[in-house]
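Biologist: Here is a model I would like to go through with you. Can we take the labels one by one and set each against its cut-off?

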Amino acid sequence: MSRRTSRPRQQPAAPRITPASPCPCGLSATYGECCGRFHSGSAAAPTCEALMRSRYTAFAVQDAAYLLRTWHPETRPPGVDFDPAMRWTGLEILDTTDGSAFHTTGTVTFRAHYTDDGRPGSLHEQSRFVRHEGAWVYAAAVFVD
């Protein structure tokens, strides 16, 4: 027998990541030394790969403000909804094209691993990045698989 309640179901919190935690993006630095400095605004991602890693990490730590801030205004959604059953578990960068300090566009092909309600899965995507007002931003993506 089910019990009905008028209170909304509380969603589980994002995994607790501290500045001393390993960075979810997979590099050997801590979160504070790696993607955390981009999330806090104390530094800007210098390449499109760094932005891709920091956006993956923003999904892992559920930082919607950072995701929206680094999304091109022409393609930015009004908000970001996180699935409470999904946990991002690893990132593989497969290829990068351009996207350095000397470029205005770049692409990153990656595979992001996750569990959804405990079931493993992956997302294979090629993301396109552009410079907007001097900073790298996410513009669009094509799913590879």
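Modeller: Start with helix 2, whose buried residues are Cys 48, Ala 50, Leu 51, Met 52, Arg 53, Ser 54, Arg 55, Tyr 56, Thr 57, Ala 58, Ala 60 and Val 61. Buried means under 20% relative accessible area, exposed over 50%, partly exposed in between (1.4 Å probe, protein chains only). The model is predicted: local features need pLDDT of at least 70, side-chain atom pairs need 80 or more, and totals for chains, interfaces and linings use all residues. Residues are numbered from 1 along each chain as its sequence is written, and side-chain values use heavy atoms, without hydrogens or water.

Biologist: What makes helix 2 largely enclosed by the rest of the structure?

Modeller: Twelve of its 14 residues are buried, so helix 2 is largely enclosed. Its buried residues pack against helix 1 (35-40), helix 3 (64-69), strand 1, strand 2 (105-116), strand 3 (119-132) and strand 4 (135-143). Packing here rests on contact (heavy atoms within 4.5 Å). For the chain of 145 residues, 33% count as buried.

Biologist: Which elements make up the chain, and in what pattern?

Modeller: There are three helices and four strands, in the pattern α-α-α-β-β-β-β. These are DSSP runs numbered from the N terminus (helices H or I, at least four residues; strands E, at least two).

Biologist: How do you know that the span of helix 2 is close to the expected one?

Modeller: Helix 2 (residues 48-61) reaches 20 Å from first C-alpha to last, against an expected 20 Å. The expected span is 1.5 Å times one less than the number of residues. Just after the helix, Gln 62 takes a positive phi of about 60°.

Biologist: Why is Arg 53 called buried?

Modeller: Its relative accessible area is 12%, so Arg 53 falls on the buried side of the cut-off. Arg 53 sits in helix 2. Leaving aside neighbours within four places in sequence, Arg 53 is in contact with Cys 25, Leu 27, Cys 35, Leu 91 and Ile 93. Ile 93 stands opposite Phe 110 of strand 2.

Biologist: What makes strand 1 and strand 4 edge strands?

Modeller: The open sheet has four strands in the order 1-2-3-4, paired antiparallel. Strand 1 and strand 4 each have a single partner strand, so one side of each lacks a neighbour in the sheet. Neighbouring strands are turned by 30° against each other on average, direction ignored.

Biologist: How do you know that strand 1 and strand 2 pair?

Modeller: DSSP must find at least two bridges between paired strands. Strand 1 and strand 2 have eleven, in the antiparallel sense, so they count as a pair.

Biologist: At what angle does helix 2 run to strand 1?

Modeller: About 170°, and helix 2 lies across strands 1, 2, 3 and 4. Axes are lines fitted to C-alpha atoms, for helices over the stretch in contact, and angles run from 0 to 180 degrees between N-to-C directions.

Biologist: What makes the pair of Asp 98 and His 103 a polar contact?

Modeller: Their side chains come to 3.3 Å. A polar contact is a pair of N or O atoms within 3.5 Å; within protein, one must be able to donate a hydrogen and the other to accept it, and residues adjacent in sequence count only if both atoms are side-chain atoms.
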